[in-house]
Each structure stands twice: as C-alpha cells, then as structure tokens.
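I wanted to look up the pockets in this structure and what lines them.

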Amino acid sequence: MPLLDDAARVRENAYAPYSDFKVGAALRTASGKVYVGVNVENAAYPEGTCAEAGAIAAMIADGELEIVELAVIADAPRPVAPCGGCRQKIAEFAAPETEVTMATTRGERKTVTVAELLPGAFESGDMEHGKG
C-alpha cells in the first residue's frame with residue numbers, strides 16, 4: 001500500500017523525545033496529492049501535535065479540502081487509531097465511507113471507515129439551530 005509506505009517513511013522524522021512513540025500519517029486528496037505528517041512532542045506535554053493533524057494542516061495549507069484515503073502507522077502492539085480530536089479533524093474533510101488504514105511497524109493492519117472511526121461525528125449542519 002503506497003500510502004502506508006509514505007506514512008512509514010515520514011514516521012522516522014517524528015519528534016518524540018519524551019515518549020519515544022513515533023507516529024506517521026499520510027493522506028491522499030481527491031486530486032491525488034499526498035500529504036504527510038508526524039507527531040511533534042513538546043516539553044509542555046499537552047502542546048504537542050498529532051501526525052494526522054500535521055498531514056491535514058499541510059493539505060489545507062496547499063489549498064486542498066478533501067481526504068479520500070488516510071494511513072497511520074506506529075510501533076505498537078496493535079494498529080493504533082487516531083485520537084478523538086484527530087478523528088473529528090478527519091471527519092471534517094473526509095466522507096463517512098473514506099477508508100482509514102491503521103498499521104504497526106510489524107505489518108499488522110486494520111482498515112475502517114471514517115464513520116466507523118467516529119460514529120455520530122459533529123458536523124457543520126449541527127450548528128443550524130440559530131439560522132432561519
């Protein structure tokens with residue numbers, strides 16, 4: 001899976017001196033472009049960023065708005081799902097049927113849809129109460 005290969009390659013650049021838990025993410029947009037991201041830790045621990053958020057930020061900075069596929073990889077005993085905040089970020093730019101592949105560095109994979117990853121996602125339409 002080329003997208004997973006991109007995530008695995010960029011994972012090596014993650015900045016994780018505190019947890020030593022490096023994560024890489026790669027996403028493909030509707031135009032076919034691929035954007036990558038890594039987790040970046042900070043001594044003020046909650047101030048770090050996730051790999052998925054980095055890839056999404058790169059996508060937005062380049063003017064793209066639609067994720068059609070996403071892959072995430074970490075050195076873990078099982079495929080690790082994106083955190084709750086990243087699930088919501090992914091749902092903002094991906095259709096419910098968009099596939100998200102989670103993998104370990106040892107080759108284990110699990111693929112789910114965005115809808116399976118975040119059932120009941122908060123959407124822009126949920127803010128319609130004040131309009132009209």
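This is a predicted model: local features need pLDDT of at least 70, side-chain atom pairs count only at pLDDT 80 or more; totals for chains, interfaces and linings use all residues.

Entry 1. I looked up the volume of the largest pocket and found about 350 Å³ of space in it. I then listed its lining, which has 21 residues. Closest to the pocket centre are Phe21, Val23, Asn39, Thr49 and Cys50.

Entry 2. Which elements give two or more residues to the lining of the largest pocket? I found helix H2, residues 51-61, and strand E3, residues 67-74. E3 gives the most, with three residues.

Entry 3. I sorted the lining of the largest pocket by class and got 14 nonpolar, five polar and two charged residues.

Entry 4. I turned to the second largest pocket, for which I have a volume of about 210 Å³. Its lining is made up of 14 residues. I wrote down those closest to the centre as Ala91, Ala94, Pro96, Ala121 and Glu123.

Entry 5. I checked which elements give two or more residues to the lining of the second largest pocket. They are helix H3 (84-93), strand E4 (94-104) and helix H4 (114-117). The largest share comes from E4, with three residues.

Note on methods
Residues are numbered from 1 along each chain as its sequence is written. Side-chain values use heavy atoms; hydrogens and water are left out. On a 1 Å grid over the protein atoms alone, a cavity is a set of points where a 1.4 Å probe fits but cannot get out, and a pocket is an open set with protein on both sides within 12 Å along at least five of seven lines; lining residues have an atom within 4 Å of a point. Grid points are joined across faces, edges and corners, and a volume is the space filled by probe spheres set on the points. Helices (H or I, at least four residues) and strands (E, at least two) are DSSP runs, numbered from the N terminus. Ala, Val, Leu, Ile, Met, Phe, Trp, Tyr, Cys and Pro count as nonpolar, Asp, Glu, Lys and Arg as charged, and the others, Gly among them, as polar.
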